[in-house]
Amino acid sequence: MTRWQLLQGDVLIGELDEYGCEHPFFLAHFTPGSGWETVRPLFESWAAYRGPDPEGFGSVAPVGPLRDVGLTLAPIGGRQPPLHLFEDCVVRIDGPEARLRYSTM
């Protein structure tokens, strides 16, 4: 399993430690970093969104501001380049738990 740093530029938003899989998502424990408070309300807004969304448009409102923050997901000790949120991967954080979706190619 992979350990990740969630970054905004050089600021550590938090760390994710994968522990399992619930296809198509990887499950991870989330540990906040020094920059967490700046984006916490955005992740909480997205985590609070529930309900049917058959066309996929309901989550656009909470995701839009989060997309604009410019976060990256970098593997700790890995040799692969960082992934850009909403381009290369998706990360949902709800308290101490996170769900990641990215290509394992």
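The following dialogue goes through how terms are applied to this predicted model.

Trainee: What are the ground rules?

Mentor: Local features need pLDDT of at least 70, side-chain atom pairs count only at pLDDT 80 or more, and totals for chains, interfaces and linings use all residues. Residues are numbered from 1 along each chain as its sequence is written, and side-chain values use heavy atoms, with hydrogens and water left out.

Trainee: How many helices and strands does the protein chain have?

Mentor: Two helices and seven strands. Helices are DSSP runs of H or I with at least four residues, strands are runs of E with at least two, and numbering starts at the N terminus. Along the sequence the pattern is β-β-β-α-α-β-β-β-β.

Trainee: Why is Trp4 called buried?

Mentor: Buried means under 20% relative accessible area, exposed over 50%, partly exposed in between (1.4 Å probe, protein chains only). Trp4 has 1%, so Trp4 is buried. Tyr102 has 14% relative accessibility, so Tyr102 counts as buried. Buried residues make up 34% of the 105 residues in the protein chain.

Trainee: What makes the rings of Trp4 and Tyr102 an edge-to-face pair?

Mentor: Rings of Phe, Tyr and Trp (its six-membered ring) pair if their centres lie within 6.5 Å; planes under 30 degrees apart are stacked, over 60 edge-to-face, the rest tilted. Here the centres are 5.1 Å apart and the planes stand at 70 degrees, so the pair is edge-to-face. Trp4 sits in strand β1 (residues 3–8) and Tyr102 in strand β7 (residues 97–102), 98 residues apart. Ring pairs also bring in Phe26, giving a cluster of Trp4, Phe26 and Tyr102.

Trainee: How do you know that β1 and β2 pair?

Mentor: Two strands pair if DSSP finds at least two bridges between them. β1 and strand β2 (residues 11–22) have six bridges, in the antiparallel sense. Leu7 stands opposite Leu12 in β2.

Trainee: What is the strand order of the open sheet?

Mentor: The order is β5-β4-β1-β2-β3-β7-β6, with antiparallel pairing.

Trainee: Why do β5 and β6 stand at the edges?

Mentor: β5 (83–84) and β6 (89–94) each have a single partner strand, so one side of each is left without a neighbour in the sheet.

Trainee: Which residues does Thr72 contact, leaving aside neighbours within four places in sequence?

Mentor: Contact means heavy atoms within 4.5 Å. Thr72 is in contact with Gln5, Leu6, Leu7, Pro82, Leu83, His84 and Leu85. Thr72 lies in strand β4 (residues 72–75). At 14% relative accessibility, Thr72 counts as buried.
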